[in-house]
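The following report describes how the secondary-structure elements of a two-chain model are arranged. Sequence and structure are shown first.

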Amino acid sequence: MIKFTESKISAHHNYLVNDLLTPGFVVGDPNSSDAFYFWADLVLPGESTPHISARIMDEKGDLLLELNGSQMGENPGKCDYHPLQGGFKIFRRPNEPLLEVLTQNFPRGHMTRIKARLFDEKGDLRVEPLGESIQVHGEAKLVLDAPFTPSAR
Amino acid sequence: MGTNNALNGVWVFGDYRNYFQNRVTLQLIAKGKELAEKRNTKVTALLLGEQVQQYAMEYVAHGADVVIAAEHPDLKEYQVEAYCALVAQWVEAFQPEVFLAGATSFGREFFPRLAKRLGTGLSADCVALEVDPKTGLLLQTTPAFGGELLAEVVTPNHRPQMATVHPGVFQERPHNPEAVGRILYPDFNVLPQSRVRLIRSRRQQIRKVNLEEAPVVIVGGRGLGSKAQFERLFELAQLLEGEVGATRPVIRAGWAEEDRLLGQTGKSVKPKLLISIGTSGALQYTTGIQGAEIIIAINRDPHAPIFRMADLGLAGDASAILPLLLEALRKRI
């Protein structure tokens, strides 16, 4: 019996997660006011830049920063944000990248690769590098069918 | 997520080499979608290779409901034994009713091997595909007996019903950026053993010929008499902003490159205007020009079959008519 892993694919934009294409995904709980989450939302036709929102902790579970729609929010970890051609990179300390988001433009369509090593409020590893993409751990919704709307934030 | 009952519909093999020039996979996805809807099922595109994400997205944008994507560094280059073994496994697992591929050099090698391995039939170089409304079987129209007649082939007892189709026979659907599909990644760690070891591959440098997209096509046949006369067609094509095609005897004579070949074993075109010069009108050629909106034929034999499908026929010597035509066009353009 052949085993298959299944995902959804958008004709316009996808993220590469767990070596799968997906139009959008959520790790953790964006509805919580203080828990870890990483939310890569759908990019609709007419747009080409990804929408990343997140609450990221360090290995001890202490808050490092919050991202809202790929923009820096709370930043107690004093992380540095560097815009890149086709994305951005956030450094926890000089020469210590925390998160990199890069969008590859095809002749028609876009694909975003993420590189990150992220921890939750318990200090558990939730996102780690996997080749050219990321591997996620724990509670996650790996395929979003529509733009994600947190119920209470 | 999802169920796999839609995967036994129409499959299309994704030939993405020379992607933006070679549209045959997109044309087959469009036809496959039409056939699948008649059978109340789905169209699935297969992709083997490395870093094939953009092609998967393109196939969904052009109508594929499902993409099966096998990514592995060793699949980057086409290797017939490995490709055959993998695809055969998936066919046996999902039992698709119909499986289509382009009648490209790739499809012509790969699909017969696959059909043999699966123990089913294959209709090569099809010029039409339909679903029989009574039986639901795929009606595969293909030239037979050296192109002298068109045969309608059915595969009642074996599955999948396999066919290769010329580029240009069907039209692709418009690119829809809002489309969403399923994508399946088969689990495999070890590729099937291959007796062939690829040492290196190199892309052949050829002059770009875009016959399928040209609004005007000038076709030369052996009746032109010489390579020098054939070369004059390029000036005619330039004046009319078109491309030059050729019949099999012209290719055999070495007057034109293989990629200009029209017909049963070459390309199919759908120009607004096609001028056929010095061609008799053999079926193996005319199957490739059936989609032309207006056909003008020039041949010295007034009984040549080409006149039966021409909208305007000139019975005369091409070597006399061609200079007059060129001169008239130079004055007008």
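## Packing of helices and sheet

In this predicted model, helix H1 (residues 24-38) of chain B lies across strand S1 (10-13), strand S2 (43-49), S4 and S9 of chain B. H1(B) runs at about 180° to S1(B). Helix H2 (residues 53-61) of chain B also packs on the sheet, where it touches S1 of chain A and, from chain B, S2, strand S3 (66-71) and strand S10 (180-186). The two helix directions relative to a strand are listed below.

| Helix | Reference strand | Angle |
|---|---|---|
| H1(B), residues 24-38 | S1(B), residues 10-13 | about 180° |
| H2(B), residues 53-61 | S3(B), residues 66-71 | about 170° |

The sheet itself is open and has 8 strands with mixed pairing, in the order S1(A)-S10(B)-S3(B)-S2(B)-S1(B)-S4(B)-S9(B)-S5(B). Its edges are strand S1 (4-10) of chain A and strand S5 (122-126) of chain B, each of which pairs on one side only. From one strand to the next, the twist averages 25°.

Within the sheet, strand S4 (residues 98-102) and strand S9 (residues 161-165) of chain B pair in the parallel sense over 5 bridges. B:Val165 in S9(B) is the bridge partner of B:Gly102.

The crossing is right-handed. Residues in the contact include B:Tyr83 and B:Val87 of H3(B), and B:Phe110 and B:Arg113 of H4(B). By class, the contact residues of H3(B) and H4(B) comprise 9 nonpolar, no polar and 3 charged.

Methods
Residues are numbered from 1 along each chain as its sequence is written. Chains are lettered from A and ligands numbered from 1 in the order in which they are written. This is a predicted model: local features need pLDDT of at least 70, side-chain atom pairs count only at pLDDT 80 or more; totals for chains, interfaces and linings use all residues. Two strands pair if DSSP finds at least two bridges between them. Helices (H or I, at least four residues) and strands (E, at least two) are DSSP runs, numbered from the N terminus. Axes are lines fitted to C-alpha atoms, for helices over the stretch in contact, and angles run from 0 to 180 degrees between N-to-C directions. Two residues are in contact if their C-beta atoms, placed from the backbone, lie within 7 Å. A crossing is left-handed if the near helix is turned anticlockwise from the far one by less than a right angle, and right-handed if clockwise. Ala, Val, Leu, Ile, Met, Phe, Trp, Tyr, Cys and Pro count as nonpolar, Asp, Glu, Lys and Arg as charged, and the others, Gly among them, as polar.
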